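Let's take a friendly tour of a protein model, one feature at a time. Have the sequence and the 3D view ready as you read.

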Amino acid sequence: MSISTVSRSAAAPQVRTCPSWCVVDHGNDPIDDIFHRSDYMQVGIPDDQVHLSDADLKLTAHVCLPEVPEPGDENGFLVLDHGDLFGPYAELDLEHCDQFIRDLKTFTARIEQARDWIAAKKEQQS
């Protein structure tokens, strides 16, 4: 756990205990709206392989947990985006994370199969 001081006022700072994975400095967060966030995880296509101008083919993810969840709200979520702070994003709860992981496993298996087709074709040509 890391400690972060959140100022309620200059005279009465409030100390928060963050999970060890939280990378946020909560110094400017409103006292009743604190979210712990993990570091970004990222996967992308190598820049020298992107053929569309201004294309940024990457997927980023980070965990976001409210310090005090609102009644009826999720306890946390995984945020998926394209690395663009103002672009489209998804907030996945546990059920949606599980479905996304299943879909990614299927997608990865299909990419591996396609890669093997390319390798076999290359082998035939040599």
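## A residue at the surface

We start with isoleucine 111, which has a relative accessible area of 44% and is therefore partly exposed, since that label covers values between 20% and 50%. Keep in mind that this is a predicted model.

Where does isoleucine 111 lie? Look along helix H1, which covers residues 94-125, and you will find isoleucine 111 there. Together with Leu104 and Phe107, Ile111 makes a nonpolar surface patch of about 280 Å².

## A salt bridge

How many salt bridges does the structure hold? The count is one. Its partners are arginine 115 and aspartate 116, whose closest N and O atoms are 3.5 Å apart.

Now check how accessible the two partners are. Arginine 115 counts as exposed because its relative accessibility is 52% and the cut-off for exposed is over 50%. Aspartate 116, at 44%, counts as partly exposed.

## The largest pocket

Next, turn to the largest pocket, with a volume of about 250 Å³. Its lining is made up of 13 residues, and those nearest the centre are Tyr40, His62, Val79, Asp81 and Leu85. Strands S5 (58-66), S6 (77-81) and S7 (89-92) are the elements that each give two or more residues to this lining.

Which strand gives the most to the lining? That is S6, with three residues. Sorted by class, the lining of the largest pocket has six nonpolar, four charged and three polar residues.

Conventions:
Residues numbered from 1 in each chain as written. Predicted model: local features only at pLDDT ≥ 70, side-chain atom pairs only at ≥ 80, totals over all residues. Heavy atoms only, no water. Patch = residues over 30% accessible without salt bridge, like charges linked within 9 Å, V, L, I, M, F, W, Y side chains within 5 Å. Areas by Shrake-Rupley, 256 points an atom, 1.4 Å probe, with all protein chains shown as cover. Salt bridge = Lys/Arg side-chain N within 4 Å of Asp/Glu carboxyl O. Helix = DSSP H or I, 4+ residues; strand = E, 2+ residues; numbered from the N terminus. Buried < 20%, exposed > 50% of the residue type's maximum accessible area, 1.4 Å probe, protein only. 1 Å grid on protein atoms, 1.4 Å probe; cavity = no way out; pocket = protein on both sides within 12 Å on 5 of 7 lines; lining within 4 Å. Points joined across faces, edges and corners; volume = space filled by probe spheres on them. Nonpolar A, V, L, I, M, F, W, Y, C, P; charged D, E, K, R; others polar.
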